[in-house]
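Open your viewer and get ready to select residues by number. We will go stop by stop.

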Amino acid sequence: MTTTTNLAAGQPAPEFTLPDASGTGVSLADYRGRRVVVYFYPKAATPGCTTEACDFRDSLDALNAAGVSVVGISPDPVEAIASFADDYSLTYPLLADDGAAVAKAWGAWGEKIVNGEVVEGILRSTAVVAPDGTVESVDYAVQADGHVAALRDRLGV
């Protein structure tokens with residue numbers, strides 16, 4: 001099993017640059033000076049991931065108005081995230097983490113049970129990064145249903 005270390009509030013968020021749905025590189029540094037929600041999801045267009053992505057989409061105006069950006073990251077290839085974004089009108093960046101190096105650096109990778117079998121993969125996780133690039137908060141192994149609403153409540157949005 002791959003060992004990852006969970007992030008903690010107050011520490012610097014690990015930097016990344018990953019391709020978005022159009023293949024353009026997006027970096028965490030692009031969001032410096034602004035709060036950003038970085039969420040990790042296992043697989044585009046699956047039921048839980050679609051629920052979570054659409055909840056972020058539906059909350060995007062309120063989050064943006066409060067100065068909060070949203071970025072979704074999965075190990076899917078660029079083509080899959082492009083299709084996912086198009087199919088569900090997802091207007092915030094979805095990034096392709098081929099090989100899951102960023103997910104591992106952020107502690108969003110580990111053992112989980114899928115269909116009764118223990119596998120390694122993305123642990124649905126969400127971090128809020130402060131304008132200075134430090135981790136403000138992080139939640140691991142969250143449930144898709146209700147997660148965005150709870151996050152908005154915590155952020156006061």
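**Before you start**

This is a predicted model: local features need pLDDT of at least 70, side-chain atom pairs count only at pLDDT 80 or more, and totals for chains, interfaces and linings use all residues. Residues are numbered from 1 along each chain as its sequence is written, and side-chain values use heavy atoms, with hydrogens and water left out.

**Stop 1: helix 1**

Select residues 47–65, which make up helix 1. Helices here are DSSP runs of H or I with at least four residues, strands are runs of E with at least two, and both are numbered from the N terminus. Helix 1 has 19 residues. From first C-alpha to last, helix 1 reaches 28 Å, close to the expected 27 Å. That expected span is 1.5 Å times one less than the number of residues.

Now centre on Ser-59. Helix 1 has a kink of about 55° centred there. The bend is the angle between two axes, one fitted to the seven residues ending at a residue and one to the seven starting there.

Step just past the end of helix 1 to Gly-67. Its phi is positive, about 80°.

**Stop 2: the buried residues of helix 1**

Which residues of helix 1 are buried? Select Cys-49, Thr-50, Glu-52, Ala-53, Cys-54, Phe-56, Ser-59, Leu-60 and Leu-63. Buried means under 20% relative accessible area, exposed means over 50%, and partly exposed lies in between (1.4 Å probe, protein chains only).

Next, show what covers them. The cover includes strand 3 (35–40), strand 4 (68–74), helix 2, strand 8 (125–129) and helix 4 (147–155).

**Stop 3: two cysteines**

A disulfide is a covalent bond between the sulfur atoms of two cysteines. Here the test is a pair of cysteine sulfur atoms within 2.5 Å. How many disulfides does that rule give? The count is zero. Cys-49 is in no disulfide, and its nearest cysteine sulfur, that of Cys-54, is 11 Å away. Cys-54 is in no disulfide either. Cys-49 has a relative accessibility of 1%, and Cys-54 has 13%.

**Stop 4: Thr-50 and its contacts**

Select Thr-50, in helix 1. Thr-50 is buried at 12% relative accessibility. Leave out residues up to four places away in sequence, and Thr-50 touches Ala-45, Phe-84 and Tyr-88. Contact means heavy atoms within 4.5 Å. Thr-50 and Tyr-88 are 38 residues apart along the chain, yet their C-alpha atoms are separated by 8.1 Å.

Move to Ala-45, in the loop between strand 3 and helix 1. Ala-45 is not a glycine, but its phi is positive, about 70°. Ala-45 is partly exposed, at 47%.

**Stop 5: the aromatic cluster**

Select Tyr-39, Tyr-41, Phe-56, Phe-84, Tyr-88 and Tyr-92. They form one aromatic cluster. Rings of Phe, Tyr and Trp (its six-membered ring) pair if their centres lie within 6.5 Å; planes under 30 degrees apart are stacked, over 60 edge-to-face, and the rest tilted. The structure holds eight aromatic pairs. Zoom in on Phe-84 and Tyr-88: their ring centres are 5.6 Å apart and their planes are at 70°, so this pair is edge-to-face.

Both residues sit in helix 2 (residues 78–88), four residues apart, or about one helical turn. An α-helix has 3.6 residues a turn, so residues three or four places apart point the same way. Is each one buried or partly exposed? Phe-84 is buried, at 2%. Tyr-88 is partly exposed, at 30%.

**Stop 6: a charge over a ring**

Jump to Lys-104 and Trp-109. The charged end of Lys-104 sits over the ring of Trp-109, 5.0 Å from its centre. To count, NZ of Lys or CZ of Arg must be within 6 Å of the ring centre and within 35 degrees of the ring normal.

**Stop 7: Val-128**

Finish at Val-128, in strand 8. Val-128 is buried, at 1% relative accessible area. Set aside residues up to four places away in sequence, and its contacts include Val-36, Val-135 and Leu-151.
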